[in-house]
Amino acid sequence: MLVLTRKLNQAIMIGDSIEITVLEVKGEQIKIGISAPKDISVYRKEIYLEIQEENKKAASLNNLDLLKTLKSKMS
Amino acid sequence: MLIQSKHLGLIEIDEEKIITFQEGIIGFSDIHRYILLGEEEENPFQWLQAVDEPNLTFVVVPSKMICPTYQPKLNQDVLEKLEIGNLERILYYSIVVLPEDISQMRANLQSPLVINLENNKAKQVVLNQPEYKVRHYILQEMGEAKNVSAD
């Protein structure tokens, strides 16, 4: 992993089009600004963990009887 | 080919219909081949069964069934990975969590399974559109939709 030290309002470029700026440092919280082209997805890492957990739940909870109940409920 | 499925037992599937998730599904990165089962006209819910793992199956639903205006924005990376040439030939499915308490049943619209029908390549994509969340409570949203149309 590349490690860079930055001060407030300093930025990092990734390629020509992605800029990451340190906007605010307040105790443990750091506010980061990201400007990137629209086709680049930016999300918090936690979202991955959340999706992973939800997928695992989905795989363990897919009772056939429930699906049938649901079907009769919807029709 | 014959495969063992969780809910339907031993079944014959058409190998051409096998869907390949090169990177797996998030949390199941080493399982790549799946097949959609249980298509019925009146019931939008289907199973996505792992071809090589009898016990692994997901309930899935076309994302548009949950959100008729569903319009994911796919980035270039996804278009390239799935070799998407024609957006009309893309299907979006949402994985459903189906707990005992049916009111808690939910579908994931933030990270749909994107399937390219041209080559059956697929990927679970994470969207960056705040209107689509990991948990959309299906019965509640359908109820709200009904209320709106009744007004």
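A polar contact here is a pair of N or O atoms within 3.5 Å; within protein, one must be able to donate a hydrogen and the other to accept it, and residues adjacent in sequence count only if both atoms are side-chain atoms. This is a predicted model, where local features need pLDDT of at least 70 and side-chain atom pairs count only at pLDDT 80 or more, while totals for chains, interfaces and linings use all residues. Residues are numbered from 1 along each chain as its sequence is written, chains are lettered from A and ligands numbered from 1 in the order in which they are written, and side-chain values use heavy atoms, with hydrogens and water left out.

Between chain A and chain B, the rule finds 5 residue pairs in polar contact, both at pLDDT 80 or more. It also finds 3 salt bridges across that interface, a salt bridge being a side-chain nitrogen of Lys or Arg within 4 Å of a carboxyl oxygen of Asp or Glu. One of them joins Arg135(B) to Glu50(A), at 2.9 Å from N to O.

Now the rings. Over all chains there are 5 aromatic pairs; rings of Phe, Tyr and Trp (its six-membered ring) pair if their centres lie within 6.5 Å, and planes under 30 degrees apart count as stacked, over 60 as edge-to-face and the rest as tilted. Tyr70(B) and Tyr92(B) have ring centres 6.0 Å apart and planes at 80 degrees, so this pair is edge-to-face. Both Tyr70(B) and Tyr92(B) are buried, meaning under 20% relative accessible area, with exposed over 50% and partly exposed in between (1.4 Å probe, protein chains only). Phe21(B), Phe28(B), Tyr34(B) and Phe58(B) make up one aromatic cluster.
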